[in-house]
Amino acid sequence: MAWIVLVISGLLETAWAVALDRSAGFTRLAPTVVFGITLVLSMAGLGYALREIPVGTGYAVWVGIGAVGTALVGMLALGEPANLPRLLSLLLVVAGVVGLKLFH
């Protein structure tokens, strides 16, 4: 269960990062509210998961999911470049996250 919560929390990290960008410095209400809610839920889920998963592994997996998810949203929906070096770099992050899970 801890791993499922950790993955969901990582996805929520993507949501709060995108909402933070969309909040325009906390000047837009809806994205600011989404940011606050998803931030709290993401942190709460990370805290829950860390009760069973070592902090180094859990935090790295959480950040990796959030970073890859945010980068993919940026490329797919926000017009950020999706060139080969960026995609290969994201693949390396994914490989690291998978390795941390496999060798946990």
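**Exercise 1. Count the helices and strands in this protein, then work out the order in which they come.**

Let's start with the count: the protein has 4 helices and 0 strands. Keep in mind that we're looking at a predicted model. Now walk along the sequence, and the pattern you get is α-α-α-α.

**Exercise 2. Find out how the radius of gyration of the protein compares with the globule rule.**

As for burial, 33% of the 104 residues count as buried.

**Exercise 3. Decide whether α2 and α3 are roughly parallel or roughly antiparallel.**

Step one: locate the helices. Helix α2 covers residues 29-49 and helix α3 covers residues 55-77.

Step two: look at the axes, which come within 10 Å and cross at roughly 150 degrees. An angle over 145 degrees counts as roughly antiparallel, so α2 is roughly antiparallel to α3.

Step three: check the handedness. The crossing of α2 and α3 is right-handed.

**Exercise 4. List the residues that make the contact between α2 and α3, and sort them by class.**

From α2 come S42, M43 and L46, while α3 brings in G58, Y59 and W62. Sorted by class, this contact has 4 nonpolar residues, 2 polar ones and no charged ones.

Technical notes
Residues are numbered from 1 along each chain as its sequence is written. This is a predicted model: local features need pLDDT of at least 70, side-chain atom pairs count only at pLDDT 80 or more; totals for chains, interfaces and linings use all residues. Side-chain values use heavy atoms; hydrogens and water are left out. Axes are lines fitted to C-alpha atoms, for helices over the stretch in contact, and angles run from 0 to 180 degrees between N-to-C directions. Helices (H or I, at least four residues) and strands (E, at least two) are DSSP runs, numbered from the N terminus. Angles under 35 degrees count as roughly parallel, over 145 as roughly antiparallel, 65 to 115 as roughly perpendicular and the rest as oblique. A crossing is left-handed if the near helix is turned anticlockwise from the far one by less than a right angle, and right-handed if clockwise. Contact means heavy atoms within 4.5 Å. Ala, Val, Leu, Ile, Met, Phe, Trp, Tyr, Cys and Pro count as nonpolar, Asp, Glu, Lys and Arg as charged, and the others, Gly among them, as polar. The radius of gyration is taken over C-alpha atoms; the globule rule is 2.2 Å times the number of residues to the power 0.38. Buried means under 20% relative accessible area, exposed over 50%, partly exposed in between (1.4 Å probe, protein chains only).
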